Amino acid sequence: MGVSTSSAKSVSPLAAWLFSSIGKKTVVAVTGIFLVLFVCGHLLGNLTFFLGPDIINSYAKHLRDLGPFLWVIRAGLLAILVLHIFFTVSLWKENHAARPEKYVVKNHVKATIFSRTMRLSGLIVFAFVIFHILHYTARTIDPAFQHYETDLHGEMVHNVYKMMVVGFSVPWVSAIYIVSLGLLAFHLSHGIASLFQTLGLSNKQLRPRFEFAGRALAWLLFLGFTSIPVAVLLGVGREALK
Ligand code: HEM
């Protein structure tokens, strides 16, 4: 699909499949699975916040200790995100070119608020990830974060716990997180069920179950992540500010 006869001769079968509608959808679904797995793992790591400064600081130290391997993971994650966005945009363009405007309204009858807002939620989550990396990984939004250090069993390590408490003590920062996490939940509410559909693992009977499971996971992630800024705004970790 979309490959002319003359160019098809010079394109390998894999590339032809990759740029067919089903190929693009499969890449979006498979990269989506990896991104969901990352988000679940990241939440589990972040929840160590509630176990106190030593636990989360030691968790962050172990991640940093991965050294060059951490950069391999980061590069892999970035490549997955880029592929997910690139092929999604490519599918949108394809759908837009193929679908006359009058059918758009008809399609919305079956659509939910979650499926209709995929572009907007995806775009805002992407902007959030950039903000979030500048905030907590590059630490350029508040450069003071770079100097937060603490003693962990005789070794000076980065004080991630204090950075989170100071970061979320600013109400507008917490508000950005909570709204963005809500939009991430919107995105996943539709995305998780649809990736099972794309990969051919769903059918008419299973679809409602995948939809329910997808939404349940999406909103559990929302509750888990937002519990941290909400707890900080309610005073958890205040002693780290002294
Ligand atoms: C309240 C919610 C969240 C908190 C408290 C949080 C916390 C953190 C912290 C502390 C770091 C820096 C780790 C370090 O460098 O030591 C980080 C990195 C990161 N977070 Fe989050 N995160 C949250 C939500 C999210 C979400 C929802 C996503 C994805 C959609 C995400 C994606 C990332 C990415 C990609 C990195 C960079 C990882 C790296 O390069 O090392 N985070 N997060």
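Predicted model: local features only at pLDDT ≥ 70, side-chain atom pairs only at ≥ 80, totals over all residues.
Biologist: How many residues surround the ligand, and which are the closest?

Modeller: The shell around the ligand holds 19 residues. The closest are A60, Y136, T137, F225 and I228.

Biologist: How do the residues of that shell divide into nonpolar, polar and charged?

Modeller: Tyr, Phe, Ala and Ile count as nonpolar, while Gly counts as polar. Sorted that way, the shell around the ligand has 4 polar residues and 1 charged. The nonpolar residues number 14.

Biologist: Which element supplies the largest share of the largest nonpolar core?

Modeller: This core has 31 residues. V160, Y161, M164, L181, A185 and I228 touch the most other members. At least two residues come from each of α3, α4, α9, α10 and α11. The largest share is 10 residues, and the element behind it is α10.

Biologist: Which residues does A185 touch, leaving out those up to four places away in sequence?

Modeller: A185 is among the core residues that touch the most other members. A contact here needs C-beta atoms within 7 Å. With the sequence neighbours set aside, the partners of A185 are A218, W219, L221 and F222.

Biologist: Why does the end-to-end distance of α10 agree with its number of residues?

Modeller: Helix α10 covers residues 171-198, which is 28 residues. The expected span is 1.5 Å times one less than that number. So α10 should span 40 Å. Its end C-alpha atoms agree, lying apart by 40 Å.

Biologist: Where does α10 bend?

Modeller: Axes fitted to the seven residues ending at a position and the seven starting there give the angle. For α10 that angle is about 25°. The bend sits at L188.

Biologist: Which residue with a positive phi follows α10?

Modeller: The helix α10 ends at residue 198. The residue in question has a phi near 75°. It is G200.

Biologist: In what order do the elements of the protein run from the N terminus on?

Modeller: The protein has 11 helices and 2 strands. From the N terminus on, the order is α-α-α-α-α-α-α-α-β-β-α-α-α.

Biologist: What percentage of the residues in the protein are buried?

Modeller: A buried residue has 20 or more other C-beta atoms within 10 Å of its own. The protein has 242 residues. Buried residues make up 21%.

Notes:
Residues numbered from 1 in each chain as written. Helix = DSSP H or I, 4+ residues; strand = E, 2+ residues; numbered from the N terminus. Near = placed C-beta within 6 Å. Core = buried A, V, L, I, M, F, W, Y, C linked by C-beta atoms within 7 Å. Buried ≥ 20, exposed ≤ 12 C-beta atoms within 10 Å, placed from the backbone. Contact = placed C-beta atoms within 7 Å.
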